Amino acid sequence: TALCFYGTYGTGKTTYAKSLSTHKLLKFDLFNPYGSEGSFNDALVNISKVVNKNKDKNFVLDGYAFYLNSKILGKNFDYLRSLLTCHTIKPTVILSDIDIIVERLLKREISTKVNRQFVIDLYKDIFKNFDIDDIIITGI
């Protein structure tokens, strides 16, 4: 299984992913640091090569880039699914307390427009653009 974690910046995706000792963590942002559409596709191919070579391992694919590239991924991660030979994908949204997320975003200086509505709107986009298998709530 390859769990695909997505959510806004600051939700605790990576922290939660690291807690899953039965899964190998693949940080998507290392394969594609917010690159162009072409490099995003290349990154998906490279990730699939790593995952396909390790048929007996479970993975967590973690990174904000999933959200940024929802049109490429498709609502159900169709392109990535087509590249995998032996793993199923379980798209998983990571949620956290909105005030915690706002605080983390302000610390990271992601945007000067960060407030509760900003975070709510990000999650509305996620729920609109993806089919979700699971929701995990962290940081509460």
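Biologist: Which residues does leucine 80 touch, not counting residues up to four places away in sequence?

Modeller: Please bear in mind that this is a predicted model. Leucine 80 touches Cys4, Leu44, Leu61 and Ile89, with residues up to four places away in sequence left out of the count.

Biologist: Which residues have the most contacts inside the largest nonpolar core?

Modeller: They are Leu61, Phe77, Leu80 and Tyr123, in a core of 26 residues. Two or more residues come from each of β1, α3 (37-53), β3, β4 (89-96), α7 (98-108) and α8 (116-129). Helix α3 gives the most, with five residues. Apart from this core lies another, of seven residues, which include Leu3, Phe5, Ala17 and Ile136.

Biologist: How should I read the side chains along a strand?

Modeller: In a regular strand, side chains alternate between the two faces of the sheet. As a case to examine, take strand β3, residues 58-62.

Biologist: How many of the five residues of β3 are buried?

Modeller: Four of the five are buried, so the strand is mostly covered, where buried means under 20% relative accessible area.

Biologist: In which sense does β3 pair with strand β2?

Modeller: Strand β2 (residues 23-27) and β3 pair in the parallel sense, over five bridges.

Biologist: Which residue in β3 is the bridge partner of cysteine 4?

Modeller: The partner is leucine 61. Both cysteine 4 and leucine 61 are among the residues that leucine 80 touches.

Note on methods: Residues are numbered from 1 along each chain as its sequence is written. This is a predicted model: local features need pLDDT of at least 70, side-chain atom pairs count only at pLDDT 80 or more; totals for chains, interfaces and linings use all residues. Side-chain values use heavy atoms; hydrogens and water are left out. Buried means under 20% relative accessible area, exposed over 50%, partly exposed in between (1.4 Å probe, protein chains only). Two strands pair if DSSP finds at least two bridges between them. A nonpolar core is a set of buried Ala, Val, Leu, Ile, Met, Phe, Trp, Tyr and Cys residues joined through side-chain atoms within 4.5 Å. Contact means heavy atoms within 4.5 Å.
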